[in-house]
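Hi,

Here is the model I promised to pass on to you. Please have a look at it in your viewer, and my notes follow just below.

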Amino acid sequence: MRTDIFARLDREPEPPKIEAPRMSRHRIALFGGTLAFYLAIVWAVLITSWLVALDWKVMLFRPYQQWPELHAFLDYYVVLGQRGPTAVMVACWLGWRSWRQHTLRPLLVLGTSLLLLNVTVGAVKLGLGRLGPHYATQIGSAEMFAGGDIFPSGHTANAVVTWGILAYLATTPRARRYLSAVSATVSLGVGLTTVYIGTHWLSDVVLGWAAGLLILLALPWFEPLIARTEAWIFAMRERLRERRGDARPATVTGAEAGPQPVLLPQSMATDGLTAEAVTAPVEPVLPAGHPAAGARARAHGGHPARPGGMPVAPAGVRRPPPHTERGPRAAGSPARPMSGG
């Protein structure tokens, strides 16, 4: 067992038992309070209340002119709220966690949260159509239904959801507390940065924080769907593996392979035996009294057959003795021609 710091980078032998968060009463209360706050912000902007006046005061204060030395740093810091770079960074981390823990839940949770973010925030943006500070036409106006798409702030909501997913997927209470603090700090800084550079009203940022928090609080409702999707993906993977295994060529059996070659001693192989004689099938040995034994004996000239399948020579016939007086043939002597008899 490894005890060094790199041991946690190895893949776990078995998937760990991780309990998905449930929609408790405390979470439902937070969701209801955040939703009421969300609707109150939208209503305050629609009626051009004191919140719109505060938006104009902050915009006319021009923070980027008050503290110009921060502009260069905040131009890079605001990237932590952009959809593309943050999604790639978090997806790489969660992809490694999925591989290590043998589960697709981290990636599926990220995909579900980003889909909810695009649908909810995008619909409100296009429906309200508020213009940004740089495109405002009348001082003190809410600039609603003018063809814009900045209310709520997409940068802020994306920062809350993307970095908050890390805290949502934490496996220990201590890690969840630390990651919650980090994600809150990052999303708060991204929202204020958009107000500093003048791309969003202050109310846009406040509504973006509420929109992102609503998505994080609503994720437990989608956990059963995520679990079913993960099971379906694994089932499809097993089916593909089975199909690949069935598509492999089957091995040739002995009955389909045809006659097999018979291994003979070297002295018999060099006495003029052809390939047909070597590959000829060997006749099976029949027991005594078998009906086919007599037919085989008649085929061999009426002589009985030995148990090994070889015909027996008739009585009184002797085989010629071997030529013991013949010496070994010289290597250089020519071959003697054979007679036609």
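Helix 7 has 15 residues, and from its first C-alpha to its last it reaches 20 Å, close to the 21 Å expected at 1.5 Å a residue. Of those 15 residues, 14 are buried, so helix 7 is largely enclosed by the rest of the structure. Do keep in mind that this is a predicted model.

Helix 7 (154–168) also turns up in the lining of the largest pocket, where it supplies at least two residues, as do helix 1 (25–46), helix 8 (173–197) and helix 9. Which of the helices gives the largest share of that lining? Helix 8 does, with five residues. The pocket holds about 500 Å³ of space. In total, 18 residues line the pocket, and those nearest its centre are Gly164, Ser180, Leu213, Leu216 and Leu217. By type, the lining has 10 nonpolar residues, six polar and two charged.

Now for confidence, which you will want to check before setting anything up. The protein chain has a mean pLDDT of 79, with 69% of its residues at 70 or more. Helix 9 (residues 202–218) has the highest confidence, at a mean of 96, while helix 12 (residues 275–279) has the lowest, at 46. Residues 252–257 have pLDDT below 50, and this stretch makes one contact in the model beyond near neighbours in sequence. Over residues 330–341 the pLDDT also stays under 50, and here the model has two contacts beyond four places in sequence.

Best wishes

Note on methods: Residues numbered from 1 in each chain as written. Predicted model: local features only at pLDDT ≥ 70, side-chain atom pairs only at ≥ 80, totals over all residues. Heavy atoms only, no water. pLDDT = per-residue confidence, 0-100. Helix = DSSP H or I, 4+ residues; strand = E, 2+ residues; numbered from the N terminus. Contact = heavy atoms within 4.5 Å. 1 Å grid on protein atoms, 1.4 Å probe; cavity = no way out; pocket = protein on both sides within 12 Å on 5 of 7 lines; lining within 4 Å. Points joined across faces, edges and corners; volume = space filled by probe spheres on them. Nonpolar A, V, L, I, M, F, W, Y, C, P; charged D, E, K, R; others polar. Expected span 1.5 Å × (residues − 1). Buried < 20%, exposed > 50% of the residue type's maximum accessible area, 1.4 Å probe, protein only.
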